[in-house]
Amino acid sequence: QVQLAESGGGLVQPGGSLRLSCARSGDTVTLSTMGWYRQVPGKQREWVASITNSRSRAYADSVKGRFTISRDNTSTVYLLINSLKPEDTAVYYCAVGTRLAYASPSVLGWGQGTQVTVSS
């Protein structure tokens with residue numbers, strides 16, 4: 001099973017920026033898609049962004065224009081968050097799988113999550 005570890009979360013003021021990182025280990029084959037999800041207590045986990053092995057990117061409407069997903073050659077994925085809003089407060093999870101930007105995604109593995117809190 002693929003191991004994922006998120007980092008970079010914290011407390012940020014509205015309008016600020018944050019960069020999340022996801023380190024991948026435990027496998028030798030590069031899977032096609034990696035992505036980010038977020039979850040607020042009592043609500044479903046929400047897909048935020050994903051990136052394929054060919055560097056094709058997709059974003060949820062709620063974050064489009066503010067979030068940027070990227071990946072490097074060592075399969076580390078990043079999420080650059082600009083213009084943070086209080087409603088962005090959530091636990092952010094890294095995921096690996098296929099079809100993450102579609103209605104029927106297949107998630108192979110999850111990270112343990114990193115807390116992002118946007119508050120004055």
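Tutor: Gladly. This is a predicted model. A search of the whole structure finds 1 disulfide.

Student: What makes Cys22 and Cys94 a disulfide?

Tutor: The S to S distance is 2.1 Å. The cut-off is within 2.5 Å, so the pair qualifies as a disulfide.

Student: Why is the disulfide of Cys22 and Cys94 called left-handed?

Tutor: The torsion about its S-S bond is about -85°, so it is left-handed.

Student: Which parts does the Cys22 and Cys94 pair tie together?

Tutor: Cys22 sits in strand β3 (residues 18–25) and Cys94 in strand β9 (residues 90–98), so the pair ties parts 72 residues apart in sequence. Both cysteines, Cys22 and Cys94, are buried.

Student: How many salt bridges does a search of the whole structure find?

Tutor: The search finds 4 salt bridges. One of them pairs Arg38 with Asp88, at 2.9 Å, N to O.

Student: Why is the contact between Arg38 and Asp88 called a salt bridge?

Tutor: The limit is within 4 Å, and the N to O distance is 2.9 Å, so Arg38 and Asp88 count.

Student: How do you know whether Arg38 is buried or exposed?

Tutor: Its relative accessible area is 7%. Buried means under 20%, so Arg38 is buried. Asp88, at 0%, also counts as buried.

Student: What about Asp61, buried or exposed?

Tutor: Exposed means over 50%, and Asp61 has 67% relative accessibility, so it is exposed. Asp61 forms a salt bridge with Lys64, with closest N and O atoms 3.3 Å apart.

Student: Which residue meets Asp88 in a salt bridge at 2.7 Å?

Tutor: Arg66 does, N to O. Salt bridges with shared partners join Arg38, Glu46, Arg66 and Asp88 into one network.

Notes
Residues numbered from 1 in each chain as written. Predicted model: local features only at pLDDT ≥ 70, side-chain atom pairs only at ≥ 80, totals over all residues. Heavy atoms only, no water. Helix = DSSP H or I, 4+ residues; strand = E, 2+ residues; numbered from the N terminus. Buried < 20%, exposed > 50% of the residue type's maximum accessible area, 1.4 Å probe, protein only. Salt bridge = Lys/Arg side-chain N within 4 Å of Asp/Glu carboxyl O.
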